[in-house]
Amino acid sequence: MLNTGLDYFIFLAIILCVVISGVLLVKRMPKPIPNKVIPEPELKEQLMQDLHLGEKRVIPEHIHQIPRHLLDDNAMKVVFRLHDAGHESYLVGGCIRDLLLGKRPKDFDVATSAHPEEAVELFHRGRLIGRRFKLLHVRFGREIIEVATFRAAHDSDDNETGEHGRQSDTGLILRDNVYGSIEEDALRRDFTINALYYCVRDYSIHDFANGYPDLQNRIIRMIGDPEQRYREDPVRMLRAARFAAKLGFEVEDATAEPIYRLNNLLSRIAPARLFDEALKLLQTGHGSASYRQLQRFGLFRYLFPSTHAILENPDYPTAELISQILRNTDRRLDQGKSVTPAFMFAALLWYPLQQRYLELLDELPPLPALHEAANQILAMQVKSTAIPRRFSTPMREIWELQLRLPRYHGKKAETLITHPRFRAAYDLIVLRESAGEDLQGLGKWWTDYQSANAEQRRLMSIAKSTDERPRKKRRRKPITRKPSL
């Protein structure tokens, strides 16, 4: 009960603050767009019909049923901040595709009408990146929200001079900073299932490229003319293979057919970019399915040319080793375990390395021959996928241990097991045996050794070395004595 006039005044002030806060919050939230009421069965049927490219289809929340609690808080902060500044803004692309499929997205991207220079001014933790395709990255701790401005076609009026958008004579996009509307942006995206925009005004999804029915029908379809789009960016061929593997979708015939004819265009792509694409294909939990798609479209040879060249060689079980590597990687990721590109690349390049190593043995001792073979194989590989040194150095150590692990007699076994790359090298030994290579039980020996006690290890180490290539015995020169005087 209020006893004094001061208490009554404070009470009124609190009530007034609450009311003002509520009014401001309501004003901040964009007003929902009223929709015409259509019976649900009829609406679902309409949503599955094909529309002309660029024509908007709106999928209301009660149809798509994406739970709001699965939307990333930081991405939503970015969207609302752009809205507050008077710009259109949507969650877009793979995050919406995955949410519709019941998957948890790894990343959330934002598309906006704000130009990069306008958007960066709104975020203290934002910075512009890229020249060919300018983007805004907004950092929230370790999470980065990528913000892209709506793009338009290069024949737009804003690109009369060719300053903002440029293509090579072969059609390859060299610069893509021509800005436009959301409708134009949707038609500049690669596949229909990636051209879905989540609107926070009414929590609906906007579809301008028939992506929603394609998603329901599990189809991967290129927006526009597939051949032209592949020439603009040949990496789209790898993306088609990756989405088919990741989602279990079928690539539509008109989208698939040009890949067989144009896959050689990948040789023009920067090796650093192809390295990133190789990781997305083979180290994100669907490596086995991705490999099958890469072989189906003839794309694997452009990522691992030396491995592809040895696939048909009956002396090396290369195909089976690749299958073992990728199944093992998928299994580890499914179990929440870590994987490293160093091991995957070391394993995928092992048989090309071994072939070259055996050729060099006629000229060099074993260890120098291995080092020279590693130099040559890596020099060939980085022309396709640029392997950073932080991965190529461990690769060399894993390869060297393939020669050292068979020599486990005496105290060598205890030294080898403490090597920082021992576990990776041991795993490669086991995979080689699983692929059918005869290593005389080397993998089992090391498996038993790791679980043995100190005395058992001592006894095991006494056994004769199972070196794959026994050393040649050196001949001693005969001792010649000087004739006595």
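Predicted model: local features only at pLDDT ≥ 70, side-chain atom pairs only at ≥ 80, totals over all residues.

Tutor: Helices H17 and H20 are oblique to each other; angles under 35 degrees count as roughly parallel, over 145 as roughly antiparallel, 65 to 115 as roughly perpendicular and the rest as oblique. Residues are numbered from 1 along each chain as its sequence is written, and side-chain values use heavy atoms, with hydrogens and water left out.

Now back to our two helices. Two packed helices are described by the angle between their axes and the distance between the axes. For H17 and H20 (residues 389-404), the angle is about 50° and the axes are 8 Å apart. Here the axes are lines fitted to C-alpha atoms, for helices over the stretch in contact, and angles run from 0 to 180 degrees between N-to-C directions. The crossing of H17 past H20 is right-handed; a crossing is left-handed if the near helix is turned anticlockwise from the far one by less than a right angle, and right-handed if clockwise.

Let's stay with H17. Of its 8 residues, 8 are buried, so H17 is largely enclosed by the rest of the structure. Buried means under 20% relative accessible area, exposed over 50% and partly exposed in between (1.4 Å probe, protein chains only). The buried residues of H17 include Phe 343, Met 344, Phe 345 and Leu 348.

Phe 345 leads us to the rings. Rings of Phe, Tyr and Trp (its six-membered ring) pair if their centres lie within 6.5 Å; planes under 30 degrees apart count as stacked, over 60 as edge-to-face and the rest as tilted. The count of such aromatic pairs is 19. One of them joins Phe 275 and Phe 345: this pair is tilted, with 5.4 Å from centre to centre and 35° between the planes. Distant parts of the chain are linked here, as Phe 275 belongs to helix H12 (residues 271-282) and Phe 345 to H17 (residues 341-348), 70 residues apart. Both partners are buried: Phe 275 has a relative accessible area of 5%, and Phe 345 has 1%.

For another pair, turn to Phe 422 and Tyr 426: their ring centres are 6.1 Å apart and their planes are at 15°, so this pair is stacked. These two residues both lie in helix H22 (residues 422-434), 4 residues apart, about one turn of the helix. An α-helix has 3.6 residues a turn, so residues three or four places apart point the same way. Phe 422 is buried at 4% relative accessible area, and Tyr 426 is buried at 9%.

Phe 275, Tyr 291, Phe 300, Phe 304, Phe 345 and Phe 391 form one aromatic cluster.
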